[in-house]
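Reader: Walk me through this one, please. Keep it quick.

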Amino acid sequence: MSKFIRAKIALFLTSLLVSILVMSCQTTGQTTVPIAESQPPQAITTAATFPPVASPDEELSAGPARLPLLPYDYAALGKAIDAETMKLHHDGHHASYVKNLNDALKDEPDLQKSSVEALLRNLNDVPENIRIKVRNNGGGHLNHTIFWQIMSPEGGGEPQDEIAAEIKETFGSFEEFKQQFNKAGSDRFGSGWVWLVRNPAGKLQIVSTANQDNPIMDGAYPIMGNDVWEHAYYLRYRNRRGEYLNNWWQVVNWPEVNKRSLVSLNSSKSS
Ligand SMILES: [Fe+2]
C-alpha cells in the first residue's frame, strides 16, 4: 500500500471519529433536561425561629385566605378610631387584600397548601409573575389580622405583666417606648406600619415597614403594630397622623400583646 493510500485511510478514519464524537455531543445536548426542570420544585417551609404569627398558636391559611370577623363592633374603639373608618378598613381594605391574595394563588395549588406566613418568609419561592401580589396582599391580610387582635374596647392604660417589665428594661420607661414608637410611625414616609417586634436576637425592637410588608420578612416576630396608612385615620384625623398615633394607645389590648410577646420570647430561648 502506497504512502498516499495510507494517508487517505488515516484521514478518513480521523474524520469518521470526529463525526461520531460530534453526533454524540449533539444527542446528549438534545436530551439534557433544562436545569429548572431537573430540580424538583422547592417546598415552601417556615423558618423555625419563631412560632405562628397571626395568632400565637395558628398560622393563616392561604387555601383559601379568609377575612376574620372583627372581635368587636365597628364603633367599639371610638376612643381612638371612628366606626366608619373601622367598617371601611375591615370590610373594604382588608377584604380586598384577602380577595386579591386568593386571586393571585388561584392557579397555584401547591402554594395554597402553604400558610400566609410561610409565603411571606419565602417570597423567592413564589413565582415571579405573582410575587408582588402575594407580598402586598398576603402582607395586608397578615398585618390587619394582627391589628384587630391587638386592639380592644377595654384597651389602653399601662402595659401589665411581663411585657411591662421588658419594655422598661429595653426602653427605659413606658413613656419613652411610646415616644419612640410614635416617632417611628410619624417618620414612616408614605404608607406603612410601625411595629414592636422581637428581633432575631430575641430582643424587643421598634421598626417600621413600608406598604404592607411585615417584619417576618426580615426574620423578626411582630408583637404589636399600628397601621399608618391614611385609610386608617384620615376620616377623623385628616392629615394629623401624630394625633392618631397618640390616641391609639387608648385601645391597645395589652393582655394580647403580652401573650404574643411571651410566645415569641419562649420560642427565641428554645431555638
Ligand atoms: Fe390598613
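**Strands, then helices**

Reader: Which residue in β2 is the bridge partner of Val 194?

Author: Ser 208 is the bridge partner of Val 194. Note that this is a predicted model, where local features need pLDDT of at least 70, side-chain atom pairs count only at pLDDT 80 or more, and totals for chains, interfaces and linings use all residues. Residues are numbered from 1 along each chain as its sequence is written.

Reader: How many bridges join β1 to β2?

Author: 7, and the two strands run antiparallel. β2 covers residues 204-210. Strands pair if DSSP finds at least two bridges between them. Strands (E, at least two residues) and helices (H or I, at least four) are DSSP runs, numbered from the N terminus.

Reader: What about the hairpin of β1 and β2, which residue takes a positive phi?

Author: Gly 202, with phi near 90°. The hairpin has 5 residues between the strands.

Reader: And how many bridges join β1 to β3?

Author: 6, again antiparallel, with β3 at residues 221-227. Trp 195 stands opposite Gly 225 there.

Reader: How many residues of β1 are buried?

Author: 7 of the 7 in β1, residues 192-198. Buried means 20 or more other C-beta atoms within 10 Å of the residue's own; 12 or fewer is exposed, in between is partly exposed, and C-beta atoms are placed from the backbone. Gly 192, Val 194, Leu 196 and Arg 198 point one way, and Trp 193, Trp 195 and Val 197 the other.

Reader: Switching to helices. Where does α3 bend?

Author: At His 89, by about 30°. The bend is the angle between axes fitted to the seven residues ending there and the seven starting there.

Reader: What covers the buried residues of α3?

Author: The cover includes α6 (128-149) and α9 (234-237). Among those buried residues are His 89, Tyr 97 and Leu 101.

Reader: At what angle do α3 and α6 pack?

Author: About 145°, with axes 8 Å apart. Axes are lines fitted to C-alpha atoms, for helices over the stretch in contact, and angles run from 0 to 180 degrees between N-to-C directions. Contact means C-beta atoms, placed from the backbone, within 7 Å. Residues of α3 that meet α6 include His 94 and Ala 104, and those on the α6 side include Gly 138 and His 141.

How values were computed
Contact = placed C-beta atoms within 7 Å.
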